[in-house]
Amino acid sequence: MVKLGMITIDTTDPRELATWWAGRLGGQLIDQYDGWFCMVTIPNTGLNLGFQKIEQPTPGKNRIHLDFSDAGAGGREQVIAEWIAAGATHLGTRGDENFAWDTFADPHGNEFCVSDPH
């Protein structure tokens with residue numbers, strides 16, 4: 001059996017994007033391999049995010065994306081405002097009154113979601 005240890009994201013600037021995600025998740029930039037690959041720890045998860053240098057972004061929508069659950073008590077509008085202030089682009093709110101989530105893009109265009117607690 002294997003264990004998931006890292007999720008890797010392609011980017012044209014690994015250090016910049018790793019630093020952004022470390023700030024958003026309270027993580028720590030733990031390895032920087034001459035700017036072509038960076039790793040960020042994610043506290044309390046046992047997972048790392050990897051950021052791998054590529055020459056050109058893959059066109060089209062991400063086939064895999066990160067989903068986060070909002071554990072805070074600030075509410076949806078506060079979450080949206082905080083992520084936008086940090087440099088994310090809010091792409092919209094989806095779902096219904098039973099379960100909703102917000103889709104964002106990080107500064108390099110990688111999509112991710114933040115949902116209601118579940």
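Which two side chains meet in a salt bridge? Here are some friendly notes to read beside the model.

1. **Ground rules.** This is a predicted model, in which local features need pLDDT of at least 70 and side-chain atom pairs count only at pLDDT 80 or more, while totals for chains, interfaces and linings use all residues. Residues are numbered from 1 along each chain as its sequence is written, and side-chain values use heavy atoms, with hydrogens and water left out.

2. **The salt bridge.** The partners are Asp102 and Arg76, with 2.2 Å from N to O. A salt bridge here is a side-chain nitrogen of Lys or Arg within 4 Å of a carboxyl oxygen of Asp or Glu, and by this rule the count is one. Asp102 lies in strand S7 (residues 100–105) and Arg76 in helix H2 (residues 76–85), so the pair ties together parts that are 26 residues apart in sequence. Helices (H or I, at least four residues) and strands (E, at least two) are DSSP runs, numbered from the N terminus.

3. **Buried or exposed?** Asp102 counts as buried, at 2% relative accessibility, whereas Arg76, at 25%, counts as partly exposed. Buried means under 20% relative accessible area, exposed over 50%, and partly exposed in between (1.4 Å probe, protein chains only). Asp70, in the loop between S5 and H2, counts as buried at 17%.

4. **The sheet.** Four strands form an open sheet in the order S5-S8-S7-S6, with mixed pairing. Two strands pair if DSSP finds at least two bridges between them. Strands S5 (66–69) and S6 (89–95) stand at the edges, each with a single partner strand, so one side of each is left without a neighbour in the sheet. S7 and S8 run antiparallel and are joined by five bridges; Ala105 stands opposite Glu111 in S8.

5. **The largest pocket.** This pocket holds about 540 Å³ of space. On a 1 Å grid over the protein atoms alone, a pocket is an open set of points where a 1.4 Å probe fits, with protein on both sides within 12 Å along at least five of seven lines; lining residues have an atom within 4 Å of a point. The volume is the space filled by probe spheres set on the points, which are joined across faces, edges and corners. There are 24 lining residues, and Ile9, Asp10, Asn62, Ile64 and Asn110 lie nearest the centre. Strand S1 gives the most to the lining, with five residues.
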